[in-house]
Amino acid sequence: MTEPDLFALEAVVVAQPKRSRWRRYRGPVLAVSTVEGTPLAEVTDTGTDHKHFVLTRTSGEFVVRIEKRSWSDPFEQFGPVRFHFSDGADREAGTAGARGLIKSRQLSLRTERGRRLLLTRQGLSVEWHLTEADPAPGPAPEILGRVTMSTIDPWLGLQQYVVDMALSLDASERQTIVASVICLHLIRRPPGEGTAVV
């Protein structure tokens, strides 16, 4: 059976893999799958400082590298945080950034081709909307995608994000969006810390 094209899909799920409650977990940080549960890719932490991550397909093929850049401790929580995406040739493939005390409220995205998008949380809900950073005049900006978060293991607090994307988005834009949802999780649940943030 042929593996679905990760960035041709209109919806994917980004989730923390299930694990034992009693043993130290050493697997990938996140897994990406179809809505039906077919594995597509995984995210691994490639450094001890929790600032370098790689998204690879289940076949082992490299997709994108994610590098976190922020102020050094102890001021990291107060300053802006920025994630840079790069491809296999080490070319920039987009960025995501957040600022403020509640950084998960809004992420500013820039795609590989320079399109600027916003991923914004709707109040205190579990949903984020994807819109243009500079929308055309009108009553409300067009929603280009939605990210819906849920807890899949209340005991361990494991999270998953269902990412719905508009048909009008191309593959490179969808790559930026999926990478940005990974960043959103890294902001909300930093590796090495046991407590989720809102």
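The side chains of Asp 90 and Arg 65 meet in a salt bridge, 3.7 Å from N to O. A salt bridge here is a side-chain nitrogen of Lys or Arg within 4 Å of a carboxyl oxygen of Asp or Glu. The pair links distant parts of the chain: Asp 90 is in the loop between β6 and β7, Arg 65 is in strand β5 (residues 62-70), and 25 residues separate them.

This is a predicted model, where local features need pLDDT of at least 70 and side-chain atom pairs count only at pLDDT 80 or more, while totals for chains, interfaces and linings use all residues. Residues are numbered from 1 along each chain as its sequence is written, and side-chain values use heavy atoms, with hydrogens and water left out.

Helices (H or I, at least four residues) and strands (E, at least two) are DSSP runs, numbered from the N terminus. Buried means under 20% relative accessible area, exposed means over 50%, and partly exposed lies in between (1.4 Å probe, protein chains only).

### The salt bridges

By the salt-bridge rule the count comes to 9. The table gives three of them.

| Pair | Closest N to O | Relative accessible area |
| Asp 170 and Arg 113 | 2.9 Å | Asp 170: 25%; Arg 113: 67% |
| Glu 127 and Arg 146 | 3.7 Å | Glu 127: 25%; Arg 146: 37% |

Take the Asp 170 and Arg 113 salt bridge. Asp 170 is in the loop between β12 (158-165) and α1, Arg 113 is in the loop between β8 and β9, and the two are 57 residues apart. Asp 170 is partly exposed, whereas Arg 113 is exposed.

Now the salt bridge of Glu 127 with Arg 146. Glu 127 lies in strand β10 (residues 127-132) and Arg 146 in strand β11 (residues 145-153), so the pair ties together parts 19 residues apart in sequence. Glu 127 is partly exposed, and Arg 146 is partly exposed too. Elsewhere, salt bridges that share partners join Arg 115, Glu 132 and Glu 173 into one network.

Strand β8 covers residues 106-111. Which of its residues form the covered face? They are Leu 107, Leu 109 and Thr 111, while Gln 106, Ser 108 and Arg 110 form the uncovered face. In a regular strand the side chains alternate between the two faces of the sheet.

Two strands pair if DSSP finds at least two bridges between them. β7 and β8 pair in the antiparallel sense over 4 bridges. Thr 95 has Arg 110 of β8 as its bridge partner. β8 also runs antiparallel to strand β9 (residues 116-121), joined by 5 bridges. There, Arg 110 stands opposite Arg 116 in β9. The hairpin of β8 and β9 has 4 residues between the strands, and Gly 114 in it takes a positive phi near 95°.

### Helix α1

Helix α1 spans residues 171-188. The expected span of a helix is 1.5 Å times one less than its number of residues. For the 18 residues of α1 that gives 26 Å, and the end C-alpha atoms are 26 Å apart, which agrees. The helix is mostly covered, with 17 of its 18 residues buried.

Gln 175 is in helix α1. Is Gln 175 buried or exposed? Gln 175 is buried, at 15% relative accessible area. Contact means heavy atoms within 4.5 Å. Leaving aside neighbours within four places in sequence, Gln 175 is in contact with Phe 7, Val 63, Val 64 and Ala 93. Gln 175 and Val 64 are 111 residues apart in sequence, yet 8.4 Å apart in space, C-alpha to C-alpha.

### Loops, a strand residue and a ring

Two residues other than glycine have positive phi values. His 50 has a phi near 60°. His 50 sits in the loop between β3 (39-45) and β4 (52-57) and is partly exposed at 31%. Asp 90 has a phi of about 65°. Its loop runs between β6 (81-86) and β7 (92-98), and Asp 90 is exposed.

Thr 56 is in strand β4 and counts as buried, at 17% relative accessibility. Not counting residues up to four places away in sequence, Thr 56 touches Leu 40, Ala 41, Glu 42, Glu 61, Phe 62 and Val 63.

The charged end of Arg 19 sits over the ring of Tyr 25, 3.8 Å from its centre. The rule asks for NZ of Lys or CZ of Arg within 6 Å of the ring centre and within 35 degrees of the ring normal.
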